[in-house]
Amino acid sequence: MTDRDPAEQSESMTAIVTTGVGGYERLVITRMPVPVPGDGEVLLQVLAAGINNTDINTRTGWYGDGGWNARPPFPLIQGADACA
């Protein structure tokens, strides 16, 4: 957490978007609007993020058998292993 004034927050952030099933070419670095938290939510600045097997398996198409393991909708921003 920083002591930065929330009013100084940038209006955009860098994101890596998974655009579909495939190789590294399906990862696109882009700028996106910073999300606006709703009631009862907080906004954290992510300082670093890791890649785990779920991130890789989603991109390579391992998920998606039509059952409980349905393919996620693309494009999406992954990142369950974030450090704030």
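The backbone nitrogen of T54 lies 2.9 Å from a polar atom of the N52 side chain, a polar contact (a pair of N or O atoms within 3.5 Å; within protein, one must be able to donate a hydrogen and the other to accept it, and residues adjacent in sequence count only if both atoms are side-chain atoms). The structure is a predicted model, in which local features need pLDDT of at least 70 and side-chain atom pairs count only at pLDDT 80 or more, whereas totals for chains, interfaces and linings use all residues. Residues are numbered from 1 along each chain as its sequence is written, and side-chain values use heavy atoms, with hydrogens and water left out.

Through a side-chain oxygen, N52 caps the N-terminal end of helix 1. Helices (H or I, at least four residues) and strands (E, at least two) are DSSP runs, numbered from the N terminus. N52 is placed in the loop between strand 3 (48-49) and helix 1 and is buried, with a relative accessible area of 18%; buried denotes under 20% relative accessible area, exposed over 50%, and partly exposed the range in between (1.4 Å probe, protein chains only). The side chains of N52 and D81 are joined by a polar contact of 2.8 Å. These two residues are 29 residues apart in sequence, yet 7.4 Å apart in space, C-alpha to C-alpha.

Helix 1 comprises residues 53-60, of which D55, N57, T58 and R59 are buried. The buried residues of this helix pack against strand 1 and strand 2. T58 has a relative accessible area of 6%. Not counting residues up to four places away in sequence, T58 touches V21, Y63, P72, F74 and Q78, where contact means heavy atoms within 4.5 Å. Helix 1 is followed by G61, whose phi is positive, near 90°.

Three strands form an open antiparallel sheet in the order 2-1-4, strands being paired if DSSP finds at least two bridges between them. Strand 2 (27-33) and strand 4 (76-77) stand at the edges with a single partner strand each, so one side of each is left without a neighbour in the sheet. Strand 1 (residues 12-18) is joined to strand 4 by two bridges, and T18 stands opposite L76 in strand 4.

I29 is found in strand 2 and is exposed, with a relative accessible area of 65%. Together with I16, Y24 and L27, I29 makes a nonpolar surface patch of about 460 Å².

Notes
Patch = residues over 30% accessible without salt bridge, like charges linked within 9 Å, V, L, I, M, F, W, Y side chains within 5 Å. Areas by Shrake-Rupley, 256 points an atom, 1.4 Å probe, with all protein chains shown as cover. Salt bridge = Lys/Arg side-chain N within 4 Å of Asp/Glu carboxyl O.
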